[in-house]
Amino acid sequence: MKKIVNPEEISGHQKGMERELPFRVPDHYFEDFQARLSARMEAEESGLSGKKVSLFIYMKPVLGLAAAFAAVILLVYFPVRLMTGEKELASNNTVGEEEKIINLVEYVDDHTFFNLLNEEDNDSGLEGRDLEMYIASNYSDYDIFLETQK
Amino acid sequence: MQLSDPELIGHLRNEKTRNLAFSQLVTKYQERLYWHIRKIVLNHDDTDDVLQNTFMKVWKNLENFREESTLYTWLYRIATNESLTFISSRAKRQSVPLQDVGDYLKNRLEADDYYEGTEIQKKLQEAILTLPEKQRLVFNMRYFEEMPYQEMSDILDTSVGALKASFHHAVKKVEDFITGIE
């Protein structure tokens, strides 16, 4: 407890009230104070440069998460979308070509069909082995024979 | 060997001897400033914070120290300002209205493990906490430290006459408070 020297009362009423502070300090407080002060000063001095980094430290998890999302989008989402998109496009094109041929052939009678094949400037694309396979699968031997006798 | 204030100032101004001189300054003034701060903020842990803040401010402002005032006066002025700033920032952080700062300090005093007052000492502290800030400072410096009015005037930047009047009013209020609760 801190004792103030030369106690003197303020007035008669306060006689008996010593000028003594009702406080005490932890043991060895003043012996240790200098060391704690030095430690804090060093920490604050080094903390000045550390403060600049601290914002990055706080943002690091967020930035990492954002980078991970970006990587997923770049490496997985776009390539997958690109590939499926191309496949869809390709399959759509294939279907389109096949449908065109089927529609064309459906409305053409056999006679016209063979005439078209015989035309020199015909560039329908059915030639050689494809043509043989088409005829073999769609016409009987007898039909072919009849056509060749015309 | 303890250096005199002019010697300390000389060493503090010299870059080569500054660190050692500052260490000696802390050793020389830590206890006096501690009790000065403790009477204002009351709680030991708060006092420890403010005392460290005070010496750090001293270290950072050594270049600004002009010998218009004594080293002792300059240190006390910094310690007083740091104490008042500390109380006001803590009170603001806890949304304590200005008129209730006395209650806030009373709570801090009651929460202090290093407070061991008798009943009459507790009454005196409660009475002091009812005083306005300036009167509280003047009462503490005059009653407990018996500081001469001229020194108080240098530290608080207030005329001696005004300080005497403040102390007179403070004593009257403290007496009235203690009479009232008896």
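Biologist: How exposed is E126(B)?

Modeller: Burial is read from relative accessible area: buried is under 20%, exposed is over 50%, and partly exposed lies in between (1.4 Å probe, protein chains only). E126(B), at 22%, is partly exposed. This is a predicted model, in which local features need pLDDT of at least 70 and side-chain atom pairs pLDDT 80 or more, while totals for chains, interfaces and linings use all residues. Side-chain values use heavy atoms, without hydrogens and water, and residues are numbered from 1 along each chain, with chains lettered from A in the order written.

Biologist: Which residue does E126(B) meet in a salt bridge?

Modeller: A salt bridge places a side-chain nitrogen of Lys or Arg within 4 Å of a carboxyl oxygen of Asp or Glu. Here the partner of E126(B) is K106(B), at 4.0 Å from N to O. The pair links helix α5, which holds K106(B), to helix α6, which holds E126(B), 20 residues apart; helices are DSSP runs of H or I, at least four residues, numbered from the N terminus. K106(B) is partly exposed, at 28%.

Biologist: Is the pair D5(B) and K28(B) buried or exposed?

Modeller: Both residues are buried. Their closest N and O atoms are 2.8 Å apart.

Biologist: What is the accessibility of E63(B) and of R18(B)?

Modeller: E63(B) is exposed at 51%, whereas R18(B) is buried at 16%. Their salt bridge has a closest N and O separation of 3.1 Å.

Biologist: Which residues are joined into one network by salt bridges that share partners?

Modeller: The network comprises D46(B), D49(B), R90(B) and R108(B).

How values were computed:
Helices (H or I, at least four residues) and strands (E, at least two) are DSSP runs, numbered from the N terminus.
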